[in-house]
Amino acid sequence: MSAAHAQATIDYESARVNPGGLPITEKEKADSSSVVAVDDGVRFELEDYPEPTEEEFATLRKVPAGMPWAAIAMCLIEFAERASYYGCTQVFANFVRGALPAGGNGAGAVAPGAAGLNQSAGALGLGTQAATAVTQTFTFLAYTIPIFGGIVADTRWGRFKAICVGTAVGAIAHVLLVVPAIPSVLASGNALAPFIIAFIILAFAAGFIKPSLAPLLCDQSPVKHPRVTTTKSGERVILDPTATVQRYLLIFYFCINVGAFFGLATSYAAHNVGFWLAYLTPGIIYMLMPIVLVAVYKRLYKAPPQGSVVLEAAHVVKHLFNHATLKSWWKGGDAFWDHAKPSSIAAATGRPVDVSVINWDDKFVDELRQSFSACKVFFLIPIFNLADGGLGNSENAMSASMTVNGVPNDLLNNFNPLSIIVATPIITYGLYPMLQRFKIPFPAMWRIAVGFLLASINMIFGAVIQWRVYQTSPCGYAASTCDTVSPVSLWWQIPLYTLPAVGEIFVNVTSYEIAYTRAPARMKGLVYSMVLFTSALSSALSLALTAVVDDPFLIWPYVALACASFVSAFCFPLFFSSLDKAVVFNDIERMEGKQQPTAIVASDPEKTSSTEKI
């Protein structure tokens, strides 16, 4: 990298892959250079083009590379997995909360004709609190288990194998999930136990797939260093690795929500036919996953698992605990992290370190430092998650109190993915390129801040609607359990799904980007799972506050989240602006562990430990 980028934050990405996504052989590494397609169709030999100077990096427009087929396949897999996931979870709340509708067919569907006009689908009849507890428990598991899945992928199986195992587990879950929705099982009163077993297995499937799929997608990026090139129009631009990862993740998130929109079909299936069909159709879509995995197998770059990486990270943290003072723990900074660097250890002891004991290098400590900085940001994301959909099942309870006129009360959930499907191309191909052309910076922390402000506005609107429902319901502040609904139309809930949906594009995608680019090169899955874990924290908070998510207190969760989101929005640019620094991808071997001290010694036993080698 040129001296112009000496101030850029260093990150270490995966080994280079060719544009077709084929695994690179040793001969290809030595004899060929990457051929890259810019997003406007320009193709060029990557290594034939220079790295930008400081002036060029500051003034030229940054553009992403095109997506190879292997990366597109990962997006297709995400679509199928999320279609099955959201297709099922979309109807979980009604399945648990509502009883079998009077006059219905016994499968959970509403009564035909006028009798079912304002009915909602239901099955178990356990109430709002039970529905909140069950659905939030599922979300907690589905976003906690990825920590285990990420560790296994990073250390034992690799990302691709973890995805394959998760796919097999998920197929079993989808078959089992149909069982409790069979009318005869519902009539017997024994549907709860098989339902819980099925959704626990489904959560484990998501736990293996989610922490590996997006990192595997980003691994396929052929761009590791900024390069200056010229477009067909004659404009000189920088082919930027960060812009490439951002573009990949925006498209990935778009596919997530195309899949999530499948919940529209399952809502109507449960409402008009029954829950057995609502659970069967996502399972059919899910079967697309193994087909694509087989088709793309030979075209993927698959970074090998690093068996010791989590243990190395644990040893670094333990070393810091043992040797750093309480004051340095509080202050952080160079003085704190230097305690764990082998070069500092060697200088302090006056002798070379033993790589069999200190089996990490200085760069690994720096990578962990970056990861801890990113994780501080992630701790605030649960506030956004709670504002994106309300606390617990508060929005579902509100919808059950409103006039629906034959529309499934959970139908409006689909306006969230629909809004993202509409807004993502506008932001990806309109807003971001326009800001680049006019040289208006829109760094990561400000993107997240905008998302939080949208969430705050959303919660203000929710409080007003809930207050209006209480005022107009025949049962007043017991509206969610009233036999007669409020005259307030269900369609007033649309902003509660559209505003935070746009916010997700700024908050969630940026979080994924930070997790991937700031993670240690050999720990992408684990750090990415930390972002997913924020959803688990949100679910835990919802579970802890289950008693509040009920009449007559349904207004106050909206008020509290509106205030929390507004305050949090300004914390990101004020306290975490260091994460807005440029990220340079300049070491293609670290993900494969080839620069670790133990690997160096193993490749050349005559080399001994020394400060320089560490």
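**Local packing and side-chain pairing in the predicted model**

Histidine 174 is located in helix 6. The structure described here is a predicted model. With a relative accessible area of 4%, histidine 174 falls under the 20% limit and is therefore buried. Apart from neighbours within four places in sequence, histidine 174 is in contact with Ser84, Cys88, Leu202, Pro282, Gly283 and Tyr286.

Confidence was examined along the chain. The protein has an average pLDDT of 81, and 84% of the residues score at least 70. The highest confidence in the protein belongs to helix 6, at a mean of 95, and the lowest to strand 1 (residues 9–11), at 34. Residues 40–44 have pLDDT below 50, and this stretch has 18 contacts in the model beyond near neighbours in sequence. Over residues 598–614 the pLDDT also stays under 50, and here the model has 27 contacts beyond four places in sequence. Where pLDDT is low, the predicted coordinates should not be read in detail.

Helix 10 spans residues 263–272, and its buried residues are Gly263, Thr266, Ser267, Ala269, Ala270 and His271. These buried residues pack against helix 3 (69–89), helix 9 (241–260) and helix 11 (275–286). Lysine 439 belongs to the loop between helix 20 (415–437) and helix 21. The relative accessibility of lysine 439 is 57%, which is over the 50% limit, so this residue counts as exposed.

Charged side chains were considered next. Side chains of opposite charge can pair when their charged atoms come close. In the whole structure, a search finds 10 salt bridges. One of them joins glutamate 81 and arginine 82, whose closest N and O atoms are 2.5 Å apart. Glutamate 81 has a relative accessible area of 3% and is buried; arginine 82, at 0% relative accessibility, counts as buried.

A further salt bridge is formed by the side chains of aspartate 219 and arginine 159, at 2.8 Å from N to O. This pair links distant parts of the chain, with aspartate 219 in helix 8 (residues 192–219) and arginine 159 in helix 6 (residues 159–178), 60 residues apart. Both aspartate 219 and arginine 159 are buried.

The side chains of glutamate 513 and arginine 447 likewise meet in a salt bridge, at 2.9 Å from N to O. Because glutamate 513 lies in helix 22 (residues 494–518) and arginine 447 in helix 21 (residues 444–472), the pair ties together parts that are 66 residues apart in sequence. Glutamate 513 is buried at a relative accessible area of 8%, and arginine 447 counts as buried at 6% relative accessibility. Elsewhere, Arg61, Glu235 and Arg437 are linked in a network of salt bridges.

A search of the whole structure finds 27 aromatic pairs. The ring centres of phenylalanine 148 and phenylalanine 208 are 5.9 Å apart and the ring planes stand at 65°, so the pair is edge-to-face. Since phenylalanine 148 lies in helix 5 and phenylalanine 208 in helix 8, the pair ties together parts that are 60 residues apart in sequence. Phenylalanine 148 is partly exposed, with a relative accessible area of 46%, whereas phenylalanine 208 is buried, with a relative accessible area of 8%. Ring pairs also link Tyr85, Tyr86, Phe92, Phe95, Phe138, Phe195, Phe199, Phe275 and Tyr279 into a cluster.

On the surface, a nonpolar patch is formed by Leu126, Leu192, Ile196, Ile200 and Phe204, which together have about 360 Å² of accessible area. Of these residues, leucine 126 is found in the loop between helix 4 (92–97) and helix 5 (127–157). Leucine 126 has a relative accessible area of 40% and is partly exposed.

Conventions:
Residues numbered from 1 in each chain as written. Predicted model: local features only at pLDDT ≥ 70, side-chain atom pairs only at ≥ 80, totals over all residues. Heavy atoms only, no water. Buried < 20%, exposed > 50% of the residue type's maximum accessible area, 1.4 Å probe, protein only. Helix = DSSP H or I, 4+ residues; strand = E, 2+ residues; numbered from the N terminus. Contact = heavy atoms within 4.5 Å. Patch = residues over 30% accessible without salt bridge, like charges linked within 9 Å, V, L, I, M, F, W, Y side chains within 5 Å. Areas by Shrake-Rupley, 256 points an atom, 1.4 Å probe, with all protein chains shown as cover. Salt bridge = Lys/Arg side-chain N within 4 Å of Asp/Glu carboxyl O. pLDDT = per-residue confidence, 0-100. Phe/Tyr/Trp six-rings, centres within 6.5 Å; stacked < 30°, edge-to-face > 60°.
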